[in-house]
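Me: I've got a fold open on my screen and I'd like to talk it through. Can you take my questions one at a time?

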Amino acid sequence: MTTLNVELRVFYEARQQQIPAEVRQVMQRAGQELADSGQVDRALTVGDRAPRFRLPSATGQTVALDDLIAEGSVVLTFYRGTWCPYCNIALRALQQHHTDITARGARLVAVSPQIPDESLSLAEKHSLTFDVLSDIGSDTAKQYGLAFDLPDDLAAVYDKLGFDLQRVNDGHPRTLPLPATYVIDRESVIRWAFVNSDYTKRAEPSDIIAALDALS
C-alpha cells in the first residue's frame, strides 16, 4: 500500500517538470529560508498544552476545542488551503482513514486560513466527513507557533499562478501555517505532533492512528 508521503513525492516530482526553472528557484529558496528560520522549533510540540480555539466550520457551525475534548481525543491538522494540491492529497488521505480515527474515539478537524466558502467547496469536492475550520488571519495558527509570512517574491509567484490568496484568505494573503498535525488528549495536552517546514511532507495517517492507540 502506497503511503501518503510516497504519493506526495511522486506528485512533487511530476509537478517539478511543469514549473519554469525561475519559479522553482524562488520556491526552493523560500523553502530553505523557512527551514533555516527555526520556525519548526518554535511550534508547539508534545507535552505542551493545546491553545483553545473557537472557529467557524464550512457548514456555518462554531467548533470549540473545549467541546471537542469533552467528548474524546482530537486530531487537529493545519493545512494551507484548497489552492495547495499537496493539502488536497493529504486531506483525501485523512478522509480515507477517518473511520479508523473515529473508531478510536477521536474527532478529526482540519484548519486553514481560508474563508468558509472555500472550505465548503473543498469539503464538497472531496466528500469530507470531518470538520473543516476557517482560521482567518491565522490567529489560531499563531498560538500554535505555526504561522509565517510568505516572502515577497514567493507571494508574487503565487499571484501569477492565480491562487488569489487575497480573496481566499480574506485580506491576509501573506500569512500561512506550517503543515502540522497534533493528537490532543482530553486534558488538552499535545500527546503527538508532526510539524514540518516542507509543505510537500505531511503526517502519515498510520502514525496518527498509532498515536491514538498509544493514548489508550
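Me: At what angle do helix H5 and helix H7 pack?

Reply: Bear in mind that this is a predicted model. Helix H5 covers residues 85-96 and helix H7 covers residues 116-126. Their axes lie 11 Å apart, and the packing angle is about 55°.

Me: Is the crossing of H5 and H7 left-handed or right-handed, and which residues of H7 meet H5?

Reply: The crossing is right-handed. On the H5 side you'll find Asn88, Leu91, Arg92 and Gln95. By class, the contact has two nonpolar, three polar and two charged residues. The H7 residues they meet are Leu122, Lys125 and His126.

Me: And how is H2 placed against H9: roughly antiparallel or oblique?

Reply: H2 (residues 21-36) and H9 (residues 152-160) have axes 9 Å apart and an angle of about 135°. Roughly antiparallel needs an angle over 145. That makes this pair oblique.

Me: How many nonpolar residues are in the contact of H2 with H9?

Reply: H2 passes H9 in a left-handed crossing. H2 brings Val23, Val26, Met27, Arg29 and Ala30, while H9 brings Asp153, Leu154, Val157 and Tyr158. Two of the contact residues are charged and none is polar, with the nonpolar count at seven.

Me: Is glutamine 16 buried or exposed?

Reply: Glutamine 16 sits in helix H1, which spans residues 4-16. Beyond its neighbours within four places in sequence, glutamine 16 touches Arg24 and Gln28. Its relative accessibility is 14%, and the cut-off is under 20%, so glutamine 16 counts as buried.

Me: Zooming out, what radius of gyration does the protein have, and what would a compact globule have?

Reply: The secondary structure comes to eleven helices and nine strands, and the C-alpha atoms fill a box of roughly 50 × 40 × 35 Å along the principal axes. For 216 residues, a compact globule would come out near 17 Å. The protein agrees with that, at 17 Å.

Me: What share of the contacts between residues at least 6 apart in sequence joins residues at least 24 apart?

Reply: Buried residues make up 53% of the 216 residues. As for the contacts you ask about, the share joining residues at least 24 apart is 72%.

Note on methods. Residues numbered from 1 in each chain as written. Predicted model: local features only at pLDDT ≥ 70, side-chain atom pairs only at ≥ 80, totals over all residues. Heavy atoms only, no water. Helix = DSSP H or I, 4+ residues; strand = E, 2+ residues; numbered from the N terminus. Buried < 20%, exposed > 50% of the residue type's maximum accessible area, 1.4 Å probe, protein only. Contact = heavy atoms within 4.5 Å. Axes fitted to C-alpha atoms, helices over the stretch in contact; angles between N-to-C directions. Left-handed = near helix turned anticlockwise from the far one by under 90°. Nonpolar A, V, L, I, M, F, W, Y, C, P; charged D, E, K, R; others polar. Rg over C-alpha atoms; globule rule 2.2 N^0.38 Å. Parallel < 35°, antiparallel > 145°, perpendicular 65-115°, else oblique.
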